[in-house]
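Work through the exercises below with the model open. Each task is followed by a stepwise solution.

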Amino acid sequence: MKDYWQETTESKINKKKIIISIVISILVIGIIVIASLYITNKNVREWIDTNIFRKQVTQNNVSIIELDEGQTSNIYAFNKYIGILNKNKLNIYGNTGNKEAEMDIQITNPIFNASNRFLAIAESKGQKVYLIEDKQVLWENTIEGNISQVHVNENGYVAVIISDTSYKSIIEIFDPKGNELFKRFLSTTMAVDVSISNDNKYLAIAEVNPSGTVIQSNIRIISIEKAKTDPANSEEKNYTSEANRLITNVNYQNKNKLVCMYTDGITMIENDEETTLFDNKNKKITLESIELNNNVATVEEKSSGIFSADSVINIVNIENKSTKEYTVNSVIKEFYTKGDIIALNLGTEIEFINTGGWLVKRYIANQEITNITVGNNIAGIIYRDKVEIVNL
């Protein structure tokens, strides 16, 4: 009797294990099938993104910030906030549209630049510059000359490009406390862009010499530590580009890799060598950006019919040189990049994708979208009387 009870119990346990194993196997197979369809089938992916992941939001179904009609407001997203500068007041709003801080900023025509939790604001063709960390002003300074550009790195080091002096350009560097570290004077070339490395050791200057019969671009690397005591002898490297090649932007990304954007392609300087990341030749490149984490992005327009075209977003990883593609069946009007986010303005829709080539959020409007601003975790859709907030 005891043996019979034991056999019956073991039989029930074995059946239960078998049933559990079958159920788990079915679930695993189901997950694999759904994942495969999500990756390979665009229609399935659209349905899952919309109905399960809820990646689609519509106008009037998001938090908003009301704007005063008839007044000009300068709006910029940074970190997890949206800042609105109007009448020398900078108001900081969170992702629900509530005002979280207000500060006095004596600037009317601002230039913005943000990295990590820092926001630099300067007066275009003026003298004032501010550094903000989250919701407070860290410092303000007055510059000699007219400011043409401002840059801040992820640790709060600030570079200001100054024009309209006896020099072609002057670059002034400040530490996170607002102390001037040094100035770099350019007598024969113009600075078109600057970038400070994430370890605060190097300053890269993109320069153009427009005075000759051909355009000459070069990239100058300055040691910040050496420049503090001897600016004239602080140059580490100077990379001269081919004649008639115009540089437009430089940006230090991970591990001090310096990404350089030209009108005909994108390159990277690493270990004293410049290599090509993307070549624009024989391609209809309409937009490109190097303002991303560990990636660069371009938009290539490809004909899909007699009167239609697709836009292919090429996302190149600077570490392994792999390329991700994301295609939309229309022409992209504008795109905006920040951190790991790429925002594609399609007219009445905006698709926010990440550097992995996946949709993060889709915003659908009832009217033409003319202006947006993108931070690391937040975006603002700017209208005449309001800003609509999209959380990313």
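**Exercises on strands and buried residues**

In β20, Met261 is the bridge partner of Asn249. The model is predicted, so local features need pLDDT of at least 70, side-chain atom pairs count only at pLDDT 80 or more, and totals for chains, interfaces and linings use all residues. Residues are numbered from 1 along each chain as its sequence is written, and side-chain values use heavy atoms, with hydrogens and water left out.

**Exercise 1.** Describe the pairing of β19 and β20, then inspect Lys255.

Step 1. Locate the strands: β19 covers residues 247-252 and β20 covers residues 258-262. Strands are DSSP runs of E with at least two residues, numbered from the N terminus.

Step 2. Find the sense of pairing. It is antiparallel, over five bridges. Two strands pair if DSSP finds at least two bridges between them.

Step 3. Go to the hairpin. Five residues lie between the strands, and Lys255 takes a positive phi near 55°.

**Exercise 2.** Is Ile161 buried or exposed?

Step 1. Read the accessibility. Ile161 counts as buried because its relative accessibility is 1%. Buried means under 20% relative accessible area, exposed over 50%, partly exposed in between (1.4 Å probe, protein chains only).

Step 2. List contacts (heavy atoms within 4.5 Å). Beyond residues up to four places away in sequence, Ile161 touches, among others, Ile147, Gln149, Ile170 and Val192.

Step 3. Take a C-alpha distance. Ile161 and Gln149 are 12 residues apart along the chain, with C-alpha atoms separated by 5.1 Å.

**Exercise 3.** With which side chain does the side chain of Gln59 make a polar contact?

Step 1. Find Gln59 in the loop between β1 (56-58) and β2 (64-66). At 6% relative accessibility, Gln59 counts as buried.

Step 2. Name the partner: the side chain of Gln367, at 3.1 Å. A polar contact is a pair of N or O atoms within 3.5 Å; within protein, one must be able to donate a hydrogen and the other to accept it, and residues adjacent in sequence count only if both atoms are side-chain atoms.

Technical notes
Helices (H or I, at least four residues) and strands (E, at least two) are DSSP runs, numbered from the N terminus.
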